Amino acid sequence: PVRRLVGNNLRDYQILDFFAQVKMPLRQGHPTRAVEIILAVCGNHCPDGIIFPSPNRNWLLLEAFDVQAGDAVSINGTVRTLGTSHWNSNLEQCVGRPARILAVMEKHYAQGMHRRADCALALVQVLDEENAVLFHSWVPIKCLDKLNGEHDRMHAPRSDLSAVDFEKLAREGHSLAELLARKALFGLSSNRSSFDRLRLLDHTSSSPSSRAKEEIQFKLRVSELSVGEALQFDTLAELGMPTEERQGDVEQLENNIDRMLQMLTSVTGKDSGNWAWGAIMTMLNDLLADARKAHPVTLKLSAKGGKTQRIAIPKAAMLVILFDSKFDVARRCSITFFKDKECTQTLRHLEHETKTRTGRLAPLIISGSRCFVKIVEPTFGCFESYAKVIPVHASLGLATWIVNFILRRAENATWVTGPLGLFQVILSLLKTFELEKMKPSPIKEVVTSLVSKLLVNLNAACSSSRIQLRDIHSNDMANQVLAQLREMHPEMVEIYKAERNKAMSVTSYLQTLIHTMTISDALRPPASQYVKN
């Protein structure tokens, strides 16, 4: 009766606002205030045919006009009182979990589906983390509670798109499907129960042990494809490190992989331990080989009639722009690098004599696969110069993560083939990048830093007697690594003399190189040590 009366004088949105005002004091336990609002609209008298609700009615229960498709809700405990012959029995397992409303069905339509329906229904979507599946069911709206604030999402950010994700779509060329798939895979991989339930449907072998190994290779591949979702690709110093907000998820993923490999070696013995280590090394070598395919590109910088110049290398996670020592900006000219096409987000602005103490421009490191350059010159065609663009493939970040993962597990994991196995990792880095032939660059500094970390771990193993120096001296692979590292010694001496002559502070690359040479020298026999103070 109230709806019919106010409907003659109010628009639809005003009617909804009116009932929202009425329900607010009812839910706060002030029915008298609700009656006053109704009387004010109805001319201070009760409409004919009005029926007063029971004094015990729960006004906190939601109704059809309280919700709409897209709302975040949770299923409350009242669902347990429903007859399972009419409602899905799996609902009881979803009590308290976040859910998303996909559709709303009014009461009279609901009764056509369920004869005993006494209220409107909502089709909800719930993520069952235990079984890693999305569950859908029609639920009485009175059995739902609304979620607000930070809980207004069906699941954690791993399954929702954020502003950062949309930036990735724009700057890195990811397709929406690719990004969503990677986020979903990472959600499965970083959850223990869902990771354990991942199964390979098409096996190529009937042997139980071979099938188990195929399952492990499949899970390692899933982890490799998805972990990039949680790693940093903004700076070379932190390349491949977990982002702050996803560090816990990455740790759980690493625990899942470690537990899987440990279980294999504990059940099937040493041979499987060697196989597990081989699987990790195969994954690392494939990533390193992929990262090495990224070749530098020569960049010609010119004003082009005042047009913005676009620099793009598809599939690159980062771009490193190197400026030659002779690179300079002409007088009254300027070069500005921008992150966006509209040229609103400045990355670096260069003018005449903008150089560091080394006498050259510092490298420009850009997150993503593209940037934009704008050159201002007083006279058309008076400026033209060159720089080198080095693409950093995501594979290098993933390889960095694997090396750090190995280092974190080197002491206790049975699948790591002892400290000497770390020499195998170093040898892979040296062979893939040919560090002794590679010219100094930010990429070389990243790889050299990884070698240095591995050598530090080996020195720590010697100090704690986990391995003896004589074992290293008698190991062919270790001797091969130390011999290749020795070939980098002339480069260290040359850079040191050049920087000392120019009275410059020591660059970070030289510091990394000195540390690598010194720590590797400590693993040699005293008679073979060559690094001098």
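Visitor: Before we start, what angles count as roughly antiparallel?
Guide: Angles over 145 degrees count as roughly antiparallel. Keep that cut-off in mind. Also, this is a predicted model.

Visitor: Got it. Where do helices H12 and H13 sit in the chain?
Guide: H12 covers residues 421–433, and H13 covers residues 442–463. Their axes come within 10 Å. They cross at roughly 160 degrees.

Visitor: Why does that angle matter for H12 and H13?
Guide: Roughly 160 degrees is over 145, so H12 and H13 are roughly antiparallel to each other.

Visitor: Is the crossing of H12 and H13 left-handed or right-handed?
Guide: Left-handed.

Visitor: Which residues make the contact?
Guide: From H12, Leu422, Phe423, Val425, Ile426, Leu429 and Phe433 take part. H13 brings Val447, Leu450, Val451, Leu454, Leu455, Asn457 and Leu458.

Visitor: How many of those are nonpolar, polar or charged?
Guide: Twelve residues of the H12 and H13 contact are nonpolar. One is polar, and none is charged.

Visitor: What about the loop between H12 and H13?
Guide: Glu434 is in that loop. Its phi is near 50 degrees, a positive value in a residue other than glycine.

Visitor: Is Glu434 buried, partly exposed or exposed?
Guide: Glu434 is partly exposed. Its relative accessible area is 34%.

Visitor: Which loop holds Cys343?
Guide: Cys343 lies in the loop between strand E9 (334–338) and strand E10 (346–351). Phi of Cys343 is positive too, near 60 degrees.

Visitor: Is Cys343 buried or exposed?
Guide: The relative accessible area of Cys343 is 18%. Buried means under 20%, so Cys343 is buried.

Visitor: New topic. Which residues touch the most other members in the largest nonpolar core?
Guide: Ile257, Trp415 and Ile426 do. That core has 83 residues. Ile426 is also one of the H12 residues in the contact with H13.

Visitor: What is in the second core?
Guide: The second core is separate and has 22 residues. Among them are Val329, Leu364, Ile366 and Val373.

Visitor: Zoom out. How many helices and strands are in the protein chain?
Guide: The protein chain has 17 helices and 13 strands.

Visitor: And how much of the chain is buried?
Guide: Of its 533 residues, 44% are buried.

Visitor: Last one. What share of contacts with a separation of 6 or more comes from residues 24 or more positions apart?
Guide: In the protein chain, that share is 70%.

Terms used: Residues numbered from 1 in each chain as written. Predicted model: local features only at pLDDT ≥ 70, side-chain atom pairs only at ≥ 80, totals over all residues. Heavy atoms only, no water. Axes fitted to C-alpha atoms, helices over the stretch in contact; angles between N-to-C directions. Helix = DSSP H or I, 4+ residues; strand = E, 2+ residues; numbered from the N terminus. Parallel < 35°, antiparallel > 145°, perpendicular 65-115°, else oblique. Left-handed = near helix turned anticlockwise from the far one by under 90°. Contact = heavy atoms within 4.5 Å. Nonpolar A, V, L, I, M, F, W, Y, C, P; charged D, E, K, R; others polar. Core = buried A, V, L, I, M, F, W, Y, C linked by side-chain atoms within 4.5 Å. Buried < 20%, exposed > 50% of the residue type's maximum accessible area, 1.4 Å probe, protein only.
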